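Subject: Structure handover and findings

Dear colleague,

Please find below the structure that I am handing over to you.

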Amino acid sequence: MKRAFDVAVSALALVILSPLLAVIAFLVRMRLGRPVLFKQDRPGLHGEPFTLVKFRTMRTGPASSDGSDDRDRMDPFGAKLRATSLDELPELWNVLRGDMSLVGPRPLLMHYLPLYSERQARRHEVRPGVTGWAQINGRNSTPWPERLEMDVWYVENRSFLLDLKILAKTIPSALSRSGVTQEGQATVQFFTGTDS
């Protein structure tokens, strides 16, 4: 049921939102240039890598290994896209392909995989999601240990009704723009595993 729901909703959403996607793509092209899309390998189900697709929100250039230069590379327009989660819309294509689900733990970075505790690694027992339990309960402002524990809580308590509840709360959460960044960070401080 979950996969059929993901396919039906993502396909319908891509059709309905195609004009908005085209406008955002045009604005990204005008403000940030090419490429319009940001692509990066992320861990999916069982930690297997897939290529995540999002709208680009930062200027091109070499990125630091710890994300310390994100504030310098973040464009004001890109920051607005990120704050409203509109940069995430291309991930509906990942859902349609089967890389992701509408609801699940957010796909983080590949180099985090060896840093997780055995319990934290359980977040990869399900497909990553466009939105999730942690996203409607603090988003990036939540400290890593609590955020990862919320991901595991979702894995242990997942159900179709819970997915519907999360989806219903996602739009108000995105519109409120709360928890988009960690305090003092352009986005979020990198996970080092030391807090687990």
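The notes that follow describe the fold, the helix packing, the cores and some backbone features.

This is a predicted model, in which local features need pLDDT of at least 70 and side-chain atom pairs count only at pLDDT 80 or more, while totals for chains, interfaces and linings use all residues. Residues are numbered from 1 along each chain as its sequence is written, and side-chain values use heavy atoms, with hydrogens and water left out.

Overall fold

The chain holds 7 helices and 4 strands; these are DSSP runs numbered from the N terminus, with helices being H or I of at least four residues and strands E of at least two. Along the sequence they follow the pattern α-α-β-β-α-α-α-β-β-α-α. Of the 196 residues, 47% count as buried, where buried means under 20% relative accessible area, exposed over 50% and partly exposed in between, with a 1.4 Å probe and protein chains only. Among the contacts with a separation of 6 or more, 71% are between residues 24 or more positions apart; a contact means heavy atoms within 4.5 Å.

Helix α2 covers residues 18-32, and its 15 residues should span 21 Å at 1.5 Å a residue; the end C-alpha atoms are 20 Å apart, which agrees. The expected span is 1.5 Å times one less than the number of residues. The buried residues of α2 are L21, I24, V28 and L32. Seen down the helix axis, these buried residues fall within an arc of 65°, so they line one face of α2; the arc is that of the directions from the helix axis to the C-beta atoms. An α-helix has 3.6 residues a turn, so residues three or four places apart point the same way. The buried residues of α2 pack against α1 (2-16), β2 (49-55) and α4 (76-83). On the face turned away from the buried side, α2 carries the exposed residues P19, F26 and M30.

The axes of α1 and α2 come within 4 Å and cross at roughly 60°. That angle makes α1 oblique to α2. Axes here are lines fitted to C-alpha atoms, for helices over the stretch in contact, and angles run from 0 to 180 degrees between N-to-C directions. Angles under 35 degrees count as roughly parallel, over 145 as roughly antiparallel, 65 to 115 as roughly perpendicular and the rest as oblique. In this pair, L14, V15 and I16 of α1 meet S18, P19 and L21 of α2.

The nonpolar cores

A nonpolar core is a set of buried Ala, Val, Leu, Ile, Met, Phe, Trp, Tyr and Cys residues joined through side-chain atoms within 4.5 Å. The largest has 27 residues, of which I24, V28, F55, L81, W133, Y154 and I166 touch the most other members. The elements giving two or more residues to this core are α1, α2, β2, α4, α5 (91-97), β3 (101-103), α6 (144-157) and α7 (160-176). Helix α2 gives the most, with 4 residues. Apart from this core lies another, of 8 residues, among them L108, Y112, W144 and L148.

Leaving aside residues up to four places away in sequence, L81 touches I24, V28, F55, R56, T57, L86 and D87.

Helices α6 and α7

In α6, the residues W144, R147, L148, M150, D151, V152, Y154 and V155 are buried, and their cover includes α1, β3 and α7. Helices α6 and α7 pack at an angle of about 140°, with their axes 9 Å apart. This makes α6 oblique to α7. Here W153, Y154 and N157 in α6 meet L162, D163 and I166 in α7.

Loops and backbone

Just after α2, G33 takes a positive phi of about 80°. A cis peptide bond with omega of about -5° joins R34 and P35, and P35 lies in the loop between α2 and β1 (37-43). H46, in the loop between β1 and β2, is a residue other than glycine with a positive phi, near 60°. At 62% relative accessibility, H46 counts as exposed. S85, in the loop between α4 and α5, likewise has a positive phi, of about 65°, although it is not a glycine.

Q135 lies in the loop between β4 (129-131) and α6. At 11% relative accessibility, Q135 counts as buried.

With kind regards
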